[in-house]
Amino acid sequence: MSNKGFHVAVVGATGAVGQQMLKTLEERNFPIKTLTLLSSARSAGKTVSFRGEDVTIQEAKPESFEGIDIALFSAGGSVSQVLAPEAAKRGAVVIDNTSAFRMDPEVPLVVPEVNKEDLRKHKGIIANPNCSTIQMLVALEPIRQAHGLKKVIVSTYQAVSGAGAKAVEELYNQTKAIVNNEPFEPQILPVGSDKKHYQIAFNAIPQIDKFQDNGFTYEEMKMINETKKIMHMDDLPVAATCVRLPVATGHSESLYFETEKGGLTASDIQALLKDAPGVVLQDNPAEQVYPMPADCVGKNDVFVGRIRKDLDTDNGFHMWVVSDNLLKGAAWNSVQIAETLIEMEIVTEK
């Protein structure tokens, strides 16, 4: 570590997103003076390599955050609820990757390409949105800025890694069992189910998280409510259907939206997205060019294609949006928030 930079903590350093956070911090050459890795008591004492040095993981406690400048949290909502306020109380700026604070009116919910100015309102804690919300809004924001936004309907095709490493392992094990004609017992998906679990290999499960009284799942309500909060559009009609597919990494979305402005063409939308921040346009149906999750793994961008005008609604459009849910959907957006805090001089070296 150098003498210049920030004292950064990563909470949940041994998890899938925590590991991606460390990898992203390293790849981005983030200005780190001191790195503190925090996790449960079970993982304390293990070492993780960072920039060629072994860093020992410590048990996360309130006093662990003394002297921390930026704390990246990805250890589950219950941990964040207890420790994030303790970290903020000790002067750290918390960037929380869980759902614990997303809808708290006192906590900014930020996608840097969309609402980075909300970072100036933080009171010690900043929330990282749901992975599916992030990629959708990165794709929609340039359109909203230019032509307004009247309605959003999204169907997601979400990767198993969004449910954790054990769910990915179950996908692989089920696939092997089916191919080899062996018995298996689903035990994990859908996560949060208190009734039954279903096969994910060679299947599609139209449930992510628990069902709410209104018939939508909690994941779907996250997308609906987070979109309105991030875009500051409480009256925007948004509907979501979230489906788990047997894909290890990379969320896909089929997106229908209506603009305030009429008379637009698919080419107008393509032109907006061609140079939009964080977006890669892959849209050439004649050559079968379109985004796919297998191609987005390990990449920070949001990939957009299949842009076409609705056949019946003049201001309606369809498009296909794909992104690595562990990167832009989690680790990269968190680190990007931290970078933006530094660029905007909201966080400065102590």
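Trainee: What is the relative accessible area of Arg 306?
Mentor: This is a predicted model in which local features need pLDDT of at least 70 and side-chain atom pairs count only at pLDDT 80 or more, while totals for chains, interfaces and linings use all residues. Residues are numbered from 1 along each chain as its sequence is written, and side-chain values use heavy atoms, with hydrogens and water left out. Arg 306 lies in strand β12 (residues 302–309); helices (H or I, at least four residues) and strands (E, at least two) are DSSP runs numbered from the N terminus. Buried means under 20% relative accessible area, exposed over 50% and partly exposed in between (1.4 Å probe, protein chains only), so Arg 306 is partly exposed, at 37%.

Trainee: What value is phi of Arg 306 near?
Mentor: Arg 306 is a residue other than glycine, yet its phi is positive. The angle is near 55°.

Trainee: Where does Gln 288 lie?
Mentor: Gln 288 also has a positive phi, near 55°, in a residue other than glycine. With a relative accessible area of 60%, Gln 288 is exposed. Its place is the loop between β11 (279–281) and α8 (293–296).

Trainee: Is Asp 118 buried or exposed?
Mentor: Asp 118 is found in the loop between α3 (112–115) and β7 (125–127). Leaving aside residues up to four places away in sequence, Asp 118 touches Pro 108, Val 110, Ile 230 and His 232, where contact means heavy atoms within 4.5 Å. Its relative accessibility is 10%, so Asp 118 counts as buried.

Trainee: At roughly what angle do the axes of α4 and α6 cross?
Mentor: Residues of α4 (131–147), among them Met 136, Leu 140 and Arg 144, meet residues of α6 that include Met 223, Thr 227 and Ile 230. Axes are lines fitted to C-alpha atoms, for helices over the stretch in contact, and angles run from 0 to 180 degrees between N-to-C directions. The two axes come within 10 Å and cross at roughly 40°.

Trainee: How many residues apart in sequence are the parts tied together by Glu 339 and Arg 28?
Mentor: Glu 339 forms a salt bridge with Arg 28, with the closest N and O atoms 2.9 Å apart; a salt bridge is a side-chain nitrogen of Lys or Arg within 4 Å of a carboxyl oxygen of Asp or Glu. Glu 339 lies in helix α9 (residues 327–343) and Arg 28 in the loop between α1 (16–27) and β2 (32–39), so the pair joins parts separated in sequence by 311 residues.

Trainee: Which residues are linked with Glu 86 in a network of salt bridges?
Mentor: Glu 86 forms a salt bridge with Lys 89, the closest N and O atoms being 3.4 Å apart. These two are three residues apart in helix α2 (residues 77–89), so about one helical turn separates them. The network links Glu 86 with Glu 66, Lys 89 and Arg 90.

Trainee: Which residue is joined to Leu 189 by a cis peptide bond?
Mentor: The residue lies in the loop between α5 and α6. Omega of the bond is about -5°, and the partner of Leu 189 is Pro 190.
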